[in-house]
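Let's take a walk through this structure together.

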Amino acid sequence: MKDLNTVYPTGYVLKKYNITRQTLYNWEKAGLISPKRDWRGWRVWDSSTLLDIENLLSSKKIQNNNKTISNNQRLMINNRRYLGSKQKLIPFIKKVVSKECEDIKTFADIFAGTGVVAHEFNDINTKIIVNDILYSNYLAYITWFSDDYYDFKKISKLIDEFNNMVVSKDNYVSRNFGGTYFTIENARKIGAIREEIESMTDITSREKAILITSLLYAMDKVANTCGHYDAYIKILDTTEPLYLQVPAIKKQEINKGNMIFNEDANKLVKRISSDLIYIDTPYNSRQYSDAYHLLENIARWEKPEVTGVARKMIDRSKIKSAYCTVKAPKVFEDLISNIDSKYILVSYNNMGQKGDGRSNAKISDEEIIDSLRKKGEIKVFYTDFQYFTAGKTQLKDHKERLFLCKCK
Ligand SMILES: C[S@@+](CC[C@H](N)C(=O)[O-])C[C@H]1O[C@@H](n2cnc3c(N)ncnc32)[C@H](O)[C@@H]1O
């Protein structure tokens with residue numbers, strides 16, 4: 001029997017599994033494995049880490065054995081298109097937080113969208129709280145951030161089976177979205193996979209969320225759109241086949257203690273407290289419930305009637321955001337006033353002046369500052385990392401700003 005306390009040096013691991021040092025470090029950086037350190041700070045590998053490596057390699061083998069559709073790439077959280085995603089701003093956000101905020105043990109991202117910002121702060125020392133009004137995003141958070149157990153081999157095997165499904169019969173998706181958003185073949189496959197997931201009785205709720213998330217990401221890759229579902233491109237020229245990938249999920253102990261919600265952020269803030277609350281509301285009148293109606297439809301799988309050229313669900317009232325309406329300054333004020341946190345960090349794009357047009361900002365810089373000022377001291381940062389104490393001018397020429405409030 002193997003001694004559970006035995007640890008092995010990196011050289012041993014490289015030789016045993018015939019992998020490169022870089023591969024090992026990439027997996028570690030992605031949070032897929034976490035080696036221990038010896039007294040010199042060098043990486044050492046115990047039996048549990050070796051098992052993680054074996055699981056990673058076996059998922060690659062399953063995918064490589066599949067000659068018809070094969071690709072050994074794992075799905076990453078940022079492998080999707082999303083309006084207002086802060087992926088590119090992450091270094092800026094991290095820099096502001098690390099230089100300006102002390103002792104952040106909980107990080108709340110309450111308009112989390114893709115979840116990429118929370119993901120960046122999700123480590124062994126920091127617990128995250130994630131929330132979004134869209135259910136499709138909520139399922140993605142269960143995938144990436146839950147600490148519930150899931151069976152990696154089972155997920156890999158099911159995804160492999162889904163990829164090899166051949167579907168010739170029509171279903172809800174092909175009837176409503178075939179030939180427009182997707183090719184008929186992909187639409188049939190999406191419908192059949194989603195139905196199959198719904199009928200499974202031997203998967204946990206986290207495993208179900210992982211499978212649906214993998215499907216939603218795969219749909220996004222082959223959708224005949226320019227990144228959102230307000231419209232499809234008139235000529236269907238996307239012929240790539242649907243291909244699901246196994247998500248690269250951080251280790252269970254990293255996700256331990258994370259909290260995941262699917263509700264109106266204004267209600268949520270009354271119940272949570274956090275060291276830092278990051279706020280990234282929609283900026284203009286474009287509703288995310290419209291832009292992502294199709295992902296929401298597939299995630300919920302209530303198979304509602306759809307309407308109009310864009311084939312949207314008729315009732316989207318529960319997922320409409322007040323931040324896209326004239327009520328935005330008021331709801332923002334209400335949100336801020338109910339926050340219990342040491343720091344509030346607000347992203348607000350200033351691409352459009354405040355106004356009534358579709359792309360006009362719904363909250364002015366002055367309104368943001370007035371709301372934050374009631375909570376504490378404010379600093380405003382630009383992408384070049386300069387700041388000035390809140391004032392009225394200068395702000396408008398900068399595309400990306402962060403408003404940081406150190407609460408009293
Ligand atoms: C600008 S996006 C956030 C992007 C995110 N930071 C990222 O990097 O992917 C705004 C998000 O707020 C969500 N949202 C809108 N109104 C909301 C509300 N009242 N409560 C919670 N989430 C809301 C939208 O669904 C959308 O995902």
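An axis here is a line fitted to C-alpha atoms, for helices over the stretch in contact, and angles run from 0 to 180 degrees between N-to-C directions. Helices (H or I, at least four residues) and strands (E, at least two) are DSSP runs, numbered from the N terminus. What you see is a predicted model, where local features need pLDDT of at least 70, side-chain atom pairs count only at pLDDT 80 or more, and totals for chains, interfaces and linings use all residues. Residues are numbered from 1 along each chain as its sequence is written.

Start with helix α7 (residues 152-163) and helix α10 (residues 205-222): their axes come within 11 Å and cross at roughly 35°. On the α7 side, K154, I155, L158 and I159 meet E207, I210, L211 and S214 of α10 (contact means C-beta atoms, placed from the backbone, within 7 Å).

Now for the core. A nonpolar core is a set of buried Ala, Val, Leu, Ile, Met, Phe, Trp, Tyr and Cys residues joined through C-beta atoms within 7 Å; buried means 20 or more other C-beta atoms within 10 Å, exposed 12 or fewer, and partly exposed in between. The largest one has 95 residues, and Y141, I190, L215, I344, L345 and F403 touch the most other members. Helix α10 gives the most to this core, with ten residues. Leaving aside residues up to four places away in sequence, F403 touches V346, Y348, I368, L372, I378 and V380.

Finally, find K303 in the loop between α14 (293-300) and β8 (306-307). K303 counts as partly exposed because it has 16 C-beta neighbours inside 10 Å.

Conventions
Two residues are in contact if their C-beta atoms, placed from the backbone, lie within 7 Å.
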